[in-house]
Amino acid sequence: MNPMRRGGRMLALAAAAFGVIAATASPAAADDGPTRELLMADCRSGLGKCTFNDPKLGEAYLGSFRQVSDSLYNCSTSPATQSMTWTDTVGSTDSFGVSVTAGGNIAGLVDLSVTASYNHTWSSTHSESSSLSMTVAPGEVGWISRAQVMQKVYGTWQTHYDSPKWDHYYWFFGDAITGPAKNGTDGKNNAVIVKTRKMTPAEKRSCSAEGHSGKTFVERR
């Protein structure tokens, strides 16, 4: 994203639009300043002394269901019941869909800001595992899916340099971090379900071709 024209009075608008502005009001061409990605990279590496200011928590919501177990294929003529282990790890991303958990300082800075403002910690990742009994009808395949409660944190990054960079000591840009929320947040709860579907013609043929006829088998996800 190209920087917006600089000016102190534009800070609120820049944050809302996820734009980039400098701390001073001196005029400059749009291509004189850094991109948001360059500033975020400096925050991540520590080259810029960054803070995540004025965090605002959005309403929690249930994320999309994702497969979290292996798949159970039933090539027999009777329903098959089996206990399946599942495991799930959910991370956080910024407003450009870039992982917040892939190293660097971003997650820690967001947690520090949220903790100071809301008196509770913010977690950039959530991992969970368990097992569930599932029944798969003949000629079908089944698996376990899970959905995690998610929440956005809106705020404005302030980047401070010891020496001017792109002609300024301070740069600001808005961001929205999407990450896992505690189960029960805003009345939303994590969900784990069993899903099944009919085998495709190719999968049915593989029951005989690979010696699975009359049996069940597990395929790694």
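## Basis of the description

A residue is called buried when its relative accessible area is under 20%, exposed when over 50%, and partly exposed in between, with a 1.4 Å probe and protein chains only. The structure is a predicted model in which local features need pLDDT of at least 70 and side-chain atom pairs count only at pLDDT 80 or more, while totals for chains, interfaces and linings use all residues. Residues are numbered from 1 along each chain as its sequence is written, and side-chain values use heavy atoms, with hydrogens and water left out.

## Overall architecture

The chain contains four helices and 12 strands; these are DSSP runs numbered from the N terminus, helices being H or I with at least four residues and strands being E with at least two. Of the 221 residues in the chain, 42% are buried. The chain exposes about 11400 Å², of which carbon and sulfur atoms supply 52%; accessible areas come from the Shrake-Rupley method with a 1.4 Å probe, and for residues only the protein chains shown count as cover.

Among contacts (heavy atoms within 4.5 Å) with a separation of 6 or more, 78% join residues 24 or more positions apart.

## Helix α3

The buried residues of α3 are Ile106, Ala107, Leu109, Val110, Ser113 and Val114. They cover an arc of only 165° around the axis, which places them on the same side of α3; the arc is that of the directions from the helix axis to the C-beta atoms. An α-helix has 3.6 residues a turn, so residues three or four places apart point the same way.

The face of α3 turned away from this buried side carries the exposed residues Leu112 and Ala116. On the buried side, the packing partners are α2 (36–45), β2 (49–57), β9 (149–165) and β10 (168–180). Just after α3, Asn119 adopts a positive phi of about 60°.

## Nonpolar core

A nonpolar core is a set of buried Ala, Val, Leu, Ile, Met, Phe, Trp, Tyr and Cys residues joined through side-chain atoms within 4.5 Å. The largest such core has 20 residues, and Ile106, Val110, Trp122 and Trp157 touch the most other members. The elements that give two or more residues to this core are β1 (20–22), α2, β2, α3, β9 and β10. Its largest share, five residues, comes from α3.

Leaving aside residues up to four places away in sequence, Ile106 touches Met40, Cys43, Arg44, Val100 and Trp157. In soluble globular proteins, nonpolar side chains tend to be buried together.

## Helix α4

Within helix α4 (residues 201–209), the buried residues include Glu203, Ser206 and Cys207. The buried residues of α4 fall within an arc of 110° when seen down the axis, so they line one face of the helix. Pro201, Arg205, Ser208 and Ala209 are exposed on the other side of α4.

Cover for the buried residues of α4 includes β5 (71–74) and β11 (191–198). Gly211, which follows α4, has a positive phi near 75°.

## Salt bridges

A salt bridge is a side-chain nitrogen of Lys or Arg within 4 Å of a carboxyl oxygen of Asp or Glu, and by this rule the count comes to 11.

Lys188 forms a salt bridge with Glu59, the closest N and O atoms being 3.7 Å apart. Here Lys188 belongs to the loop between β10 and β11 and Glu59 to the loop between β2 and β3 (61–62), 129 residues apart. Lys188 is partly exposed, with a relative accessible area of 27%, whereas Glu59 is exposed at 59%. Elsewhere, Arg66, Asp88, Glu128 and Arg146 are linked in a network of salt bridges.
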